[in-house]
Amino acid sequence: MPHALEPAAGAIYDIGYRTYEGLREGRGYAFRTLYFHSLRAAFGLNRGGRALWVPWVLFAFACFPAAVQVAASALSAGMANLISYHDYFDAVRWTVALFCAAQAPELVSRDQQHRTLPLYFSRPLRTGDYAFAKLLAMWTAVVILVLTPLLILLVGRLSMQMDFGAALRSESQFFVPILVTPVLAAVTIGTIALALSSLFARRGIATAVAFGAFFMTAPIAEILNETLEGDPKRYAALVNPVNVVQGASLAVFDKKPGRGDILDVGLGPEVFFGAVAALAVAFTLLLVVRYRRIRT
Amino acid sequence: MSAQLAEAAVPASPGPAAANAALELRGASKWYGNVVAVNDITFSLGAGITGLLGPNGAGKSTLLHMIAGFLEPSSGEVRVDGRPAWKNPDAYRSVGLVPEREAVYPFLTGYQFALMNARLHGLPDAEAAAEAAIDRVDLRAAMHRRIGGYSKGMRQRAKVAGALVHDPRILLLDEPFNGMDPGQRMHMMELMREMAAQGRTVLISSHILEELHHLANNVLVVVAGRLAASGHFREIRRLMTDRPHTFTLRSSDDRRLASALLREASVQGVELGSATLSVRAADRGGFALALPRVARDEGVTLLELRPTDESLESVFSYLVKR
Amino acid sequence: MPLISARDLTHVYPGGVRALEGLTLDVEPGIIGFVGANGAGKSTFMKVLLGLLKPTSGKVEVFGLDTATRGIEIRQRVGYMPEHDCLPPDMTATDFVSHMGRMSGLPKAAARERTAEMLRHVGLYEERYRVIGGYSTGMKQRVKLAQALVHDPRLLLLDEPTNGLDPAGREEMLELVRRTGQEFGIAVLVSSHLLGEIERVCSYLIAIDGGRLTNAAPLGDFTGVQLILAVEVEEGAEALMGRLAAAGFDARAEGDAVLLPLPDDRPYDAVRDAAAELGLMLVRMEQRRDTLQDLFRAPAGASAGKEAGHAARA
């Protein structure tokens, strides 16, 4: 049945400025937002296109040995033993260092180069919040980078066994070291890369300096190892942060360094863990002080 | 109408447009691939201050760099003192350019920067020339301090000193007032006036029309690479015959005055506002003549009368939209 | 409660530069113009307002909150538009403003909605989905304004908002500022070197020099009308002057204009009638106004001295 005709009606809706009366979150929310934003930036996800290449290619390199091991193991019915948990970090040490040197500037140098910092600091955020959000994001990124291949190895090993429960029990001895090694890498290499990058607004320079801290100290450690005698000779390896992580990682896996390796000097685990802690604390301090001074 | 504007293309500059005008462009164009930055521009300038106006990206900086001899015209001619500006060291001696971007080394002192420019020009007594330039921009007090520590206004003055050190006849400035406070601007304007009074040709590109119109009565308006107008902006306004003049009035009885004015042939339209009366007049002179008579005859007291669109801003915005 | 309230605010930078010197003022909401020579302390004052700098002595309150102790709360309700370039070139306007909205405390959905709204209000349409690197100066300034507005601040700090804009862009930005202050109801503090713009848009003026407050008053106090009538005719100014003098008015010439004192209303009709009788074209008649320029028109020696003083500070 047709409706009765209604009188003509119309309305103009107010699309002028509206105030915001809703919820306003505080510092914790700003911190989390910056953390997730930076974590995505570490993997090139914020900017689309070209930014994705470097981090994901490096991520692929980092996972490659694990993938090869799993494939070889499957093909050889478990006989192939190309690489294992405890020597994995050694295999990918330079990939990790390069990842940190390449991506840390994305987190901290960009904001300086484009002078975006005043926009951040005019928001309800302390400089310390900014620095720690970035640092935590860097750590998370490195953990993902180092843990993923180790998990691939683990899954590979588990799937080779017939009895899943027994396999799980036999691999469980490695769970702690598998989780700890990425953290060691993150708080050492990640912190150093981030702190050094924060000193430079130009990303190219920041990457070069950060990578230099890892790359240039390697030959220096070798030279010191050759030329020094006695006690100092033993500590020469620690000059290179990557060696420090390697030594600490081996200690966690309760393995000895290979014969003739620069780390084969009989240093106890406490030395390596101490070095990790010292580097982490020192460079975190550098980062915090840097941002406190920039703001003013 | 376009014919009338074309006549104004050779501006009435304060000095006579002599056969050997200080600066002359004829059909000058500059393109980069498909991008035409400067498109067929013709004008000549003598002594005095001229403003170069145009929206962002109109080609003003390109034009200034062509005059300074840094860019080769893709076609046409750019002549300084009768000689081509491009690849002509003599021309470089006659032209000083103060570019927009920072063009000073922060680790040099003001004096060193001027001295460097003097030496680059191969001046016989570089030190004296540098000091003279520093004095002219009133930077003597700070001349031995590093430019990196200068304020914005001082940095601009250092750049001007560098451009003046060889005593050029033509001075080109690209956005010199950017970032300057009113005091610094007045100082710079005084300096420009002195330069012009000494017989130099000064061409200033600026967006800050409220300042420019105190400094330069003559303007060149560039829009998308074309020369849209040149000359005294009041004259340019007068030439815009396709656009009625608008006036704002206040009187003792706006409505009465408005209806009386509508009887005048010169008036095209009136608009009653809350406190004012706007009048659109096709014939500016006719309206100006009729207004006092009409007001008197109607017994209406005129309290305020202002042309609304004769400002440099108004002229400029009209030219940009064509 | 005043919007901003400073008492004896002093700030000395580590190098010894005294940027603010015993500044005391109260500011009510409105569109406030903030002028001062370069190096006079404007940026320092803005940084103190944002809680980014702790004053050496004295204190300042925004919304009744002490900037030294409650900076975080203040920054939740303040928007800041810096003078310099500050936008990342490889993010889109939408993503960037939305991110900034969330950093100011807006939940994700609210940030998205307000971003869309603010970009519309500042006049960015399809371009908002392109990366900022490709924007013109005018568009970048709009993005800067949008990120300052996205969290619905109570106070907006604009540092030279028309910097680098061509005349058309300038007009549009000033119109936005006016709308923000008048229609959106947000208090705005505009720092600018262009006195004409301040006169057009602001209702209140703060002027500082050498870290000290030199003026703080409604704009009308500085742009009052003088009791002088300025008249311009196309031709025949001398004849006009003669006729007015004959009628007993103290007329004198100044440039293109004829000036008469305005003790009462008689001069208006006198001018009108003189022009009508003499057949002169009357093109302008208005009361002289003071302008902000007059505030800054220092005698020649003083401005050089000021520059030297600023040089020491800069």
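Guide: Contact means heavy atoms within 4.5 Å. In this predicted model, the contact between chain C and chain B takes 43 residues from chain C and 45 residues from chain B.

Visitor: What area is buried between chain C and chain B?

Guide: About 3,700 Å² is buried between the two chains, and carbon and sulfur atoms give 54% of that area.

Visitor: Why is the pair Glu234(C) and Arg284(B) called a salt bridge?

Guide: The N to O distance between these side chains is 3.2 Å. A salt bridge requires an Arg or Lys side-chain nitrogen within 4 Å of a carboxyl oxygen of Asp or Glu; therefore Glu234(C) and Arg284(B) qualify. The count between chain C and chain B is 2 salt bridges. There are also 9 residue pairs in polar contact across this interface, with both residues at pLDDT 80 or more.

Visitor: Which element of chain C gives the most to the side that touches chain B?

Guide: Helix 9 of chain C does, with 7 residues. The residues on this side of chain C comprise 19 nonpolar, 10 polar and 14 charged.

Visitor: How do you know that the span of helix 8 of chain A is close to the expected value?

Guide: Helix 8 of chain A, residues 203-215, has 13 residues and reaches 18 Å from its first C-alpha to its last.

Visitor: Which residues of helix 8 of chain A are buried, and what covers them?

Guide: Ala206(A), Ala210(A), Gly212(A) and Phe214(A) are buried. Their cover includes helix 3, helix 7, helix 9 and helix 11 of chain A.

How values were computed
Residues numbered from 1 in each chain as written. Chains lettered and ligands numbered in written order. Predicted model: local features only at pLDDT ≥ 70, side-chain atom pairs only at ≥ 80, totals over all residues. Heavy atoms only, no water. Buried area = accessible area lost by both parts, 1.4 Å probe. Polar contact = N/O pair within 3.5 Å; in protein donor to acceptor, adjacent residues only side chain to side chain. Helix = DSSP H or I, 4+ residues; strand = E, 2+ residues; numbered from the N terminus. Nonpolar A, V, L, I, M, F, W, Y, C, P; charged D, E, K, R; others polar. Expected span 1.5 Å × (residues − 1). Buried < 20%, exposed > 50% of the residue type's maximum accessible area, 1.4 Å probe, protein only.
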